[in-house]
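Let's take a walk through a protein model together. Keep the picture open and follow along as we go.

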Amino acid sequence: MEAIVAEHLKKTYRNGVQAVKGVSFYVKQGEIFGLLGPNGAGKSTTVRILATLTKPDSGKALVAGHDVVLEPQRVRSKIGYVAQSSGVDKYATGRENLMLQGHLQRVPKSQLKHRVNELLEWVGLSEAADRLVQTYSGGMKRRLDIAMGLVHNPSVLFLDEPTTGLDPETRSALWQDLLRLKREQNISVLLTTHYLDEADYLCDRLAIVDHGVVVAEGSPSDLKAGIRGDRVTLEVDGHVDEANERLKLLPQVIDVIVTDDALVARVENGATAIPAIITALEGSGISVRSVALSRPSLDDVYLYHAGHRFIAEGSLEDVA
Amino acid sequence: MKNFMNDTFRLLIRHVMTTLRIPIWIFVTLVQPIVWLTLYGQLFRRVVELPGFGSSSYIQFLTPGVVIMTSMFGSAWAGMGIIQDLNDGVMDRLLATPVSRGALITARVLHSAITVLFQGMIILLVGFLLGARFPGGFLGVLALIVLGGLLASGLSALSNGIALLTKREETLIAVINFFGLPLTFLSTAFMSAALMPSWIRNIAKLNPVNWAVDGARDALMGANWDGVWGRALLFACLFADMWNICHEIIQLIPQIIMSSAILDTYQSPFPSK
């Protein structure tokens with residue numbers, strides 16, 4: 001039985017925004033699955049649907065074997081949800097937060113105290129446990145968030161943008177914690193992120209979400225392998241459309257994608273293609289400012305499937 | 001049912017702890033009634049000399065009015081807490097657990113009632129120091145607390161319901177400011193019913209705030225001990241004005257049910273990034 005099955009989920013908000021337009025994917029038991037996409041792609045909404053916080057307009061979803069619409073209470077007892085904005089109570093201590101969460105998640109009283117101590121230890125908050133959360137740093141709050149999501153040993157954990165806003169060191173530590181979690185317990189994790197490196201590093205499989213639909217799905221290596229060839233990125237002085245046409249005529253070039261400041265050509269072998277490309281362009285009177293060569297990355301996967309460059313933190317620039 | 005009780009209890013502890021850790025809010029809500037009692041109590045103290053007023057001491061007359069007024073305003077602001085939780089992501093976190101939805105509302109309502117209880121006692125003390133006396137004794141004070149608590153519970157439930165529907169602080173503030181003072185003045189909190197224009201008196205008959213004020217004043221005075229009504233309801237001892245208590249309970253229950261229902265259908269709002 002899969003940990004999560006989502007089928008044709010659709011959701012339009014009351015203000016008219018079509019956040020999710022038909023999302024389908026599945027998550028296997030014990031794997032870390034990523035939902036990757038830029039801001040506004042529909043990732044958070046999808047997670048909210050799966051965590052029973054909001055109802056889909058149509059479609060079906062099974063989480064830990066239960067339907068999110070028909071049996072929400074059952075789903076809630078088996079999931080942990082860590083929101084993008086911290087959900088901890090600032091005016092309580094770390095321990096109090098965990099204890100309350102444990103009570104609400106129906107953790108048996110006899111086990112709760114021990115479990116809370118265990119978790120505090122695991123996330124490294126044992127010393128700060130009896131201080132008000134108000135005094136915690138961002139990283140500490142995030143770790144407490146995750147501990148709260150785990151207090152009842154859920155079979156599925158939802159992490160909505162868990163490392164957004166954290167400094168590199170804390171991010172890295174959190175990645176290690178997640179991998180450790182996966183190794184030590186058979187928990188399935190659904191992680192949403194707009195960081196390519198995070199998706200690449202952590203996820204066993206991922207789905208790329210753009211404008212409310214899934215545009216690609218698979219393991220990071222499979223997705224990258226699916227993009228044959230090297231990527232040659234060129235910056236030219238004007239005449240971008242002309243350059244586009246000219247490149248397409250070359251035999252080595254598989255296809256070309258135009259972004260607002262560069263042309264990205266996929267070729268079989270970058271090293272031999274570059275001289276040919278430059279000669280062809282210069283020969284047509286188009287001056288080449290710079291050229292770069294790289295092996296496929298998730299950015300290329302994204303570019304290929306969604307047709308525009310993935311810019312991690314800012315807004316997305318859409319080019320036809 | 002057991003889950004509902006446990007959840008309510010645990011959540012209530014959370015609210016109480018929060019209040020204890022940010023006492024400034026309680027302090028601020030106490031300053032207002034103390035000002036009303038001393039300032040207006042003194043300013044208008046000769047109004048009792050108007051023929052037909054029905055009381056010999058304005059401070060005596062005013063104290064229960066101010067207690068109830070404080071119950072009203074204090075509990076009306078209850079919705080602000082839920083809006084804060086909505087904005088902080090705390091509500092989402094709680095809703096993703098199997099917590100009883102009714103408990104989420106009930107804990108807040110109980111918290112309002114308990115807070116109002118303490119505020120009421122302090123105001124009674126201040127009133128006493130300013131010269132008010134309470135012939136109704138302990139039972140009178142008890143009835144006052146019950147009435148204040150019931151009013152506070154109902155308004156708290158209503159406030160939480162409005163907060164859930166509108167999700168905006170500004171709307172809640174506007175509603176409270178719009179209705180608060182009119183509701184107070186359309187009651188006998190400050191002015192004897194005998195001296196009101198008849199249209200105000202008629203409106204006051206339908207005003208839950210007035211039910212509470214009237215009942216509270218009678219209870220504190222030890223008047224109207226209607227044993228006849230007493231047996232009909234939960235509160236078995238000799239209370240004043242059972243009819244008023246009855247009214248309060250009737251307006252309270254639908255408000256709690258409505259707010260719980262709203263929470264049940266609450267959908268996470270569009271994420272604002």
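This is a predicted model: local features need pLDDT of at least 70, side-chain atom pairs count only at pLDDT 80 or more; totals for chains, interfaces and linings use all residues.

Residues are numbered from 1 along each chain as its sequence is written, and chains are lettered from A and ligands numbered from 1 in the order in which they are written.

Let's begin with chain B. You'll find 12 helices there and zero strands (helices are DSSP runs of H or I with at least four residues, strands are runs of E with at least two, and both are numbered from the N terminus). Of the 273 residues in chain B, 44% are buried, meaning that 20 or more other C-beta atoms, placed from the backbone, lie within 10 Å of the residue's own. Now look at contacts, that is, pairs of residues whose C-beta atoms, placed from the backbone, lie within 7 Å. Among those in chain B between residues at least 6 apart in sequence, 80% join residues at least 24 apart.

Zoom in on two of these helices. How do α2(B) and α3(B) pack? Helix α2 (residues 24–43) of chain B meets helix α3 (residues 58–76) of chain B at an angle of about 155°, and their axes are 10 Å apart (axes are lines fitted to C-alpha atoms over the stretch in contact, and angles run from 0 to 180 degrees between N-to-C directions). That makes α2(B) roughly antiparallel to α3(B), a label for angles over 145 degrees. Residues meeting here include W36(B) and L37(B) from α2(B), and L62(B) and V66(B) from α3(B).

Over in chain A, find strand β9 (residues 205–210), where five of the six residues are buried. β9(A) pairs in the parallel sense with strand β3 (residues 32–36) of chain A over four bridges; two strands pair if DSSP finds at least two bridges between them. In β9(A), L206(A) is the bridge partner of G34(A). β9(A) also pairs with strand β10 (residues 213–218) of chain A, in the antiparallel sense, over five bridges. There V209(A) stands opposite V214(A). In the hairpin of β9(A) and β10(A), two residues sit between the strands, and H211(A) takes a positive phi near 50°.

Finally, where do the chains meet? The contact takes 28 residues from chain A and 24 residues from chain B.

How values were computed:
A residue is buried if 20 or more other C-beta atoms lie within 10 Å of its own, exposed if 12 or fewer, and partly exposed in between; C-beta atoms are placed from the backbone. Two residues are in contact if their C-beta atoms, placed from the backbone, lie within 7 Å. Angles under 35 degrees count as roughly parallel, over 145 as roughly antiparallel, 65 to 115 as roughly perpendicular and the rest as oblique.
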